[in-house]
Amino acid sequence: MSLFDQVSEDIKNAMRAQDKVRLQALRGVKKEFLEAKTAKGGDGELSDDAAVKIIQKMVKQRKESAEIYKNQGRPELAENELAEVAAIEVYLPKQMSAEELETELKKIIAEVGAEGPKDMGKVMGAANKALAGKAEGRAISETVKKLLNS
């Protein structure tokens with residue numbers, strides 16, 4: 001079952017369970033999927049890889065919104081955003097631990113022959129391709145900086 005079909009099925013389940021937060025989050029995901037399917041230049045299909053990228057973007061946006069709400073003293077809105085994050089994150093592949101990430105990045109650094117901070121661009125390009133969906137971009141970037149500066 002594709003990710004699109006899974007989200008559609010889970011929307012029905014959320015309606016039956018009257019889970020309003022989950023329903024709202026999943027409807028938002030489906031809207032983004034439909035927009036990507038019908039986007040100009042698209043072929044009307046949505047691969048699971050593209051769907052995962054969309055979900056990652058949505059999770060990142062909601063986390064950033066929650067942080068802004070917390071800073072503005074609106075914890076009820078932050079909680080809503082974080083509840084939506086929890087509902088959406090189940091569709092993402094399991095994220096790597098910090099140790100796994102560091103091990104993979106050391107391999108990538110060795111493969112591209114990076115020697116210092118000036119080679120960060122080369123490493124990030126290879127790392128983002130190899131670790132897409134498995135780790136957050138910010139975590140990859142911070143770990144690469146740490147490894148190249150040591």
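1. Glu 84 is buried, at a relative accessible area of 4% (buried is under 20%, exposed over 50%, partly exposed in between, with a 1.4 Å probe and protein chains only). Glu 84 belongs to helix 4; helices are DSSP runs of H or I with at least four residues, numbered from the N terminus. Beyond its neighbours within four places in sequence, Glu 84 is in contact with Val 21, Gln 24, Ala 25 and Arg 62 (contact means heavy atoms within 4.5 Å).

2. On the basis of these values: the model is predicted, with local features needing pLDDT of at least 70 and side-chain atom pairs counting only at pLDDT 80 or more, while totals for chains, interfaces and linings use all residues. Residues are numbered from 1 along each chain as its sequence is written, and side-chain values use heavy atoms, with hydrogens and water left out.

3. A search of the whole structure finds 1 aromatic pair. The ring centres of Phe 4 and Phe 33 are 6.2 Å apart and the planes lie at 40 degrees, so the pair is tilted (rings of Phe, Tyr and Trp, the last by its six-membered ring, pair if their centres lie within 6.5 Å; planes under 30 degrees apart are stacked, over 60 edge-to-face, the rest tilted). Because Phe 4 lies in helix 1 (residues 3–17) and Phe 33 in helix 2, the pair ties together parts 29 residues apart in sequence. Both Phe 4 and Phe 33 are buried.

4. Lys 31 is found in helix 2 (residues 20–37). Lys 31 is partly exposed, with a relative accessible area of 44%. Its C-alpha atom is separated by 26 Å from that of Arg 138, 107 residues apart along the chain.

5. The lining of the largest pocket comprises 23 residues, with Gln 56, Val 59, Lys 60, Glu 136 and Gly 137 nearest its centre. A pocket is an open set of points on a 1 Å grid over the protein atoms alone, where a 1.4 Å probe fits, with protein on both sides within 12 Å along at least five of seven lines; lining residues have an atom within 4 Å of a point. Helix 3 (48–71), helix 4 (75–89) and helix 7 (137–149) each supply at least two lining residues, and helix 3 gives the most, with 10.
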